[in-house]
Amino acid sequence: MSQKKWWQNAVVYQIYPRSFCDSTGSGMGDLQGIIGKLDYLAKLGIDAIWLSPVCRSPQDDNGYDISDYRDIDPLFGTLSDMEELIAEGKKRGIRIILDLVLNHSSDEHPWFVEAKKSRENPYHDYYVWKDGVEGEYPNDMRACFGGPAWEWVPELGQYYFHQFSVKQPDLNWENPKVRQEIYDMILWWMEKGVGGFRLDVIDQIAKEPDRKITNNGPRLHEFIRELSRETFQKGDLITVGEAWGANTENAKLYSNPDGSEFSMVFQFEHIGLDQIPGKEKWDLAPLDFLKLKQVLAKWQKALHGCGWNSLFWNNHDLPRIVSRWGNDGEYRVESAKMLAALLHGLQGTPYIYQGEELGMTNAGMADIADYRDIESVNLHRERLEAGYAEADVMASLMAKSRDNARTPMQWDDSENAGFTTGTPWLKVNPNYQEINAAAQVDDPDSVFSFYRRLIALRKEYAVFVDGEFELLYAEDPDIFAYTRTTPEETLTVLCNFHGGEAVLNAGPKDPGELLLSNYQDVQGDRLRPYEARMYLKRRTAGV
């Protein structure tokens, strides 16, 4: 890397606003609730907050259906609340990253309202249309949330294309007027002082439905480079694109150090390793641990010096990692810390999802009536109609539903976990009396304190940012270990990924000073269940 960027040793904290903190008793989190918790986040040590969408929206898909890109949804507050959040964050050295949905809008956006009026309307070409006959779809493409990807509009005699909900019509990026509208809006937010953007499903903007192309369309990188040139490159921002179709080669384009596209990209290759190959995420399979090591190592190697990784286990779309790949029972604390150490020692920018720093777990909701996520509710209906057993469908939801990540933040052991004085929009996880922030912030042995130390280490030692990655114990069925090396330092990370004991056969002879461990004592070559250690060795000049 030629010149260091501020976001290379930063740590980002993702907030799902409706579930973070409710300041009004509405049962829904809001911006003032976030403002009231900035000191908590400052104590954790994070540098930026990524907010899941807060723009005005009918909330068909929890804000990922935007009806006004330049206003805040009343659920969360006002535009002045957002301006206050940006200002209060700045006082604490915390930047605000907005989640922008540029692939589609809400069907209640004024552009789409106009687009439906006539084929001659100037906004009609802001969206993707096909002539047709009612009941005869242009092709057999399916929407991600179920059903056809085409919706009939009788007054026009046309179908519009939607990759997600019918209330999320896809924008037509082939139209330069659409692109200019988007650029003007982004520059407006940059003037407001935001610190960056997360770009939702950005690899789908260059779709070509006629050819059944959704992601990685032919003009994708052309569009992104123009977007960056017209907006992001005019400020000192962090930008991250969500790209489910990313591979290491196009990730080098997305995260080119010259800044021509984004700072980094979210790729999800590791996320699909606990499902039956070729099936959906709901078709559960044990984690392929050796494959996990191979995948993470591949990304570390491929982007070193020519791109940049984003590092994450959790987000608003994924189940809680301690329940997924850790142990949310006997070894919850140990496995939460191990997973944190493993991730934060890698090269890239770490993302902490709200509650991850407390070791929050999956919700375990066994009744479909308790679910609020549109994807989960649709999946339940479709699979029952297809003949799946109710118990199997619910097992899939309890493991993988997005609502696992969306249960309210657990602040203390009072009613509703201190999230709200009202009725929470989604049930609070019943384990909040044991797992909550109040019990952890001042406990030096808590999961929170472990994350706080990891964040501090990233800022203290350059090897976390610059070190070259080398995988150790590649074929070991239990140990995930690696080194990160610069001419001056070597960081060694040793993790037992499982619940039995593991032995470090032929381990590093002299890894140096113990920086961090999730057990009070270290027992040589023996790693206890979910044990994690970090060592640092410094080299003197000429050695």
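**Close-up 1. Where helices α3 and α5 touch.** Leu79, Met82, Glu83 and Ile86 on the α3 side meet Trp188, Trp189 and Lys192 on the α5 side. Sorted by class, this contact has five nonpolar residues, two charged ones and no polar ones. As with everything shown here, we're looking at a predicted model. Helix α3 covers residues 79-91 and helix α5 covers residues 176-192, and the two pack with their axes 10 Å apart at an angle of about 55°. That angle falls between the 35 degrees under which a pair counts as roughly parallel and the 65 degrees where roughly perpendicular begins, so α3 and α5 are oblique to each other.

**Close-up 2. The buried residues of helix α6.** Helix α6 takes in residues 220-230, and its buried residues are Leu220, His221, Phe223, Ile224, Glu226, Leu227 and Ser228.

**Close-up 3. The open sheet.** Here eight strands line up in the order β11-β10-β9-β5-β2-β1-β13-β12, with parallel pairing. At the edges sit β11 and β12 (310-311), each of which pairs on one side only. Zoom in on β9 (residues 196-199) and β10 (residues 238-242), and you'll find four bridges joining them in the parallel sense. One detail to pick out is Gly196, whose bridge partner in β10 is Ile238. In general, strands of a sheet pair through backbone hydrogen bonds, either parallel or antiparallel.

**Close-up 4. A salt-bridge network around Glu375.** Which residues are linked up here by salt bridges? The network consists of Asp61, Lys281, Asp317, Asp373, Glu375, Arg402 and Arg406. Take Glu375 and Lys281 to begin with: their salt bridge has its closest N and O atoms 3.0 Å apart. This pair links distant parts of the chain, with Glu375 in helix α11 (residues 374-385) and Lys281 in the loop between β11 (264-266) and α8 (289-303), 94 residues apart. Glu375 counts as buried at 16% relative accessibility, while Lys281 is partly exposed at 24%. Glu375 also meets the side chain of Arg402 in a salt bridge, at 3.4 Å from N to O. Arg402 lies in the loop between α12 (390-400) and α13 (403-406), so its pairing with Glu375 in α11 ties together parts that are 27 residues apart in sequence. Is this second pair buried or exposed? Both Arg402 and Glu375 are buried.

**Close-up 5. The Glu208–Arg211 salt bridge.** Glu208 and Arg211 form a salt bridge too, and their closest N and O atoms are 2.7 Å apart. Glu208 has a relative accessible area of 19%, so it counts as buried, given that the cut-off is 20%. Arg211, by contrast, is exposed, with a relative accessible area of 53%. The count for the model comes to 48 salt bridges.

Close-up 6. His344 lies in helix α10 (residues 332-344). How buried is His344? Its relative accessible area is 1%, so it counts as buried. Setting aside neighbours within four places in sequence, His344 is in contact with Val11, Pro350, Ile352, Tyr451, Leu454, Arg458, Phe464 and Met534.

Methods:
Residues numbered from 1 in each chain as written. Predicted model: local features only at pLDDT ≥ 70, side-chain atom pairs only at ≥ 80, totals over all residues. Heavy atoms only, no water. Salt bridge = Lys/Arg side-chain N within 4 Å of Asp/Glu carboxyl O. Buried < 20%, exposed > 50% of the residue type's maximum accessible area, 1.4 Å probe, protein only. Pairing = 2+ DSSP bridges. Axes fitted to C-alpha atoms, helices over the stretch in contact; angles between N-to-C directions. Parallel < 35°, antiparallel > 145°, perpendicular 65-115°, else oblique. Contact = heavy atoms within 4.5 Å. Nonpolar A, V, L, I, M, F, W, Y, C, P; charged D, E, K, R; others polar.
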